[in-house]
Amino acid sequence: MPTLPLGLACVATATRRAGHQVKLIDLIEGKDLRGVIRETITTFRPDSIGIAVRNIDDQCMVDTQFLLDQVKEVINCCRSSTDAPIILGGAGYSMYPESALVYLGADMGIKGEGEVVFPELVDRINQGKDVSDLPGLYLPGQGAKTENRYVQELDLLAFPDEQLWHGSDLVNQQNTWIPLQTRRGCPMDCSYCSTARIEGRARRDHTPEAVVEMIARHVKSGFNRFYFTDNTFNIPSSYASEICQRIQALKLELSWMCIVYPWGMEETLVRDMAQAGCREVSLGFESGNETMLSSMNKKFSLEEIMKTSRLLQKHCIRQMGFLLLGGPGETRSSVKESLAFADSLPLDRLKITAGIRIYPNTMLSKLAVREGAINADDDLLHPRFYLAKGLEGWLQETVDEWMRERPHWSR
């Protein structure tokens with residue numbers, strides 16, 4: 001699925017509402033990126049340039065693609081056309097604010113939510129004022145003086161202006177879905193996950209009224225396919241149900257997808273989702289072995305996964321399952337159990353990841369240090385992966401063997 005730049009659009013909307021002129025460029029693969037950048041800088045003549053770094057790499061242990069070199073190319077192209085300061089941000093950057101800034105050679109970067117900080121930064125740059133005390137702002141060799149605290153009332157932050165999406169060449173493609181995020185932060189503490197480091201552990205919600213008003217504006221503007229990027233759309237179920245019921249009350253004609261955490265799913269919520277237009281969910285159950293679920297600090301059981309999957313099937317919601325193999329405690333036996341369990345579910349598609357990307361300040365990274373898999377001072381900007389001993393080679397071969405007879409499975 002093509003990915004529209006949700007975070008960048010949020011910051012662009014906030015900056016525009018603060019009184020600045022904004023030009024957003026979605027750098028789509030396959031286009032003449034250098035030509036697009038040069039032309040935009042020449043015609044728009046920006047005073048500042050913000051670059052969103054969403055992903056550091058593709059999270060694949062085999063033939064890993066390190067994506068920051070593409071970002072560096074974009075920065076170099078900007079440098080050749082303007083002296084305007086280049087500011088980094090985005091989820092990927094926020095995990096590595098110092099090392100990514102050094103590697104990419106930008107002028108500064110904002111760790112955390114940028115909707116408040118970036119407009120203020122642009123104001124100060126234009127006025128020639130000192131910027132070093134802005135929260136979460138990293139300068140080369142200086143770090144950040146103060147922390148960028150999370151905005152607790154999300155309704156204070158604007159959703160992306162729907163008109164911004166009309167400027168992307170992706171919106172008319174058949175498999176493009178408009179991204180939206182109803183809440184930030186996650187308290188689930190999965191052992192490998194970086195979300196809490198980026199968004200915090202405490203869940204912060206937009207009100208259901210604001211969410212559905214935003215959806216209605218997008219529908220009026222001609223968009224009717226949406227992707228909820230929330231890590232756990234169904235938690236809490238009361239919040240998810242209210243969004244679904246408000247969509248139904250407005251009789252909005254739309255289709256949408258979301259990510260479901262298979263814990264505490266009841267048929268009433270699944271029914272609400274289907275009636276509100278949900279057509280597909282990402283079902284991240286990650287393992288078909290109870291011991292491995294515990295190792296990943298999952299709150300659900302195999303029985304709950306099966307129940308959730310059957311309910312989705314009953315209400316005609318497509319399912320894309322996810323397996324994450326090779327973590328601490330994984331054995332050949334548990335891998336086979338997971339593959340067999342996935343095979344027993346009524347999934348429309350299955351995505352298998354072999355080997356787990358290690359992110360900073362996670363339970364997995366601390367375990368990897370204790371086991372000597374990584375060094376304590378490794379900043380992990382360049383991808384490092386965890387793979388349980390005894391699975392080298394065998395895991396890839398086994399997954400390939402299972403996939404040969406299951407065309408709806410992929411890596």
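I take buried to mean under 20% relative accessible area, exposed over 50%, and partly exposed in between, with a 1.4 Å probe and protein chains only.

The model is predicted, and I kept its limits in mind: local features need pLDDT of at least 70, side-chain atom pairs count only at pLDDT 80 or more, and totals for chains, interfaces and linings use all residues. Residues are numbered from 1 along each chain as its sequence is written, and side-chain values use heavy atoms, with hydrogens and water left out.

**Salt bridges.** I counted a salt bridge where a side-chain nitrogen of Lys or Arg comes within 4 Å of a carboxyl oxygen of Asp or Glu, and the whole structure gives 23 of them. I looked up aspartate 107 with arginine 79, whose closest N and O atoms are 2.9 Å apart. Aspartate 107 sits in the loop between helix H5 (97–104) and strand S3 (108–110) and arginine 79 in helix H3 (residues 68–79), so this pair ties together parts 28 residues apart in sequence. For helices (H or I, at least four residues) and strands (E, at least two) I used DSSP runs, numbered from the N terminus.

I then found arginine 217 bridged to glutamate 162, with closest N and O atoms 3.8 Å apart. This pair links distant parts of the chain, arginine 217 being in helix H9 and glutamate 162 in helix H7, 55 residues apart. Glutamate 162 is buried at 13%, whereas arginine 217 is partly exposed at 35%.

**Helix H9 and the sheet.** H9 (residues 208–220) has buried residues including Val211, Val212 and Ile215. With contact meaning heavy atoms within 4.5 Å, I noted that the buried residues of H9 pack against helix H7 (162–165), strand S5 (178–180), strand S8 (225–228) and helix H10 (237–249). Seven strands form an open parallel sheet in the order S5-S8-S9-S10-S11-S12-S15, where two strands pair if DSSP finds at least two bridges between them. S5 and strand S15 (409–410) are at the edges with a single partner strand each, so one side of each has no neighbour in the sheet.

**Arginine 184.** I placed arginine 184 in strand S6 (residues 183–184) and recorded it as buried, at 10% relative accessibility. Its side chain makes a polar contact of 3.1 Å with that of glutamate 113; for this term I required a pair of N or O atoms within 3.5 Å, within protein one able to donate a hydrogen and the other to accept it, and residues adjacent in sequence counting only if both atoms are side-chain atoms.
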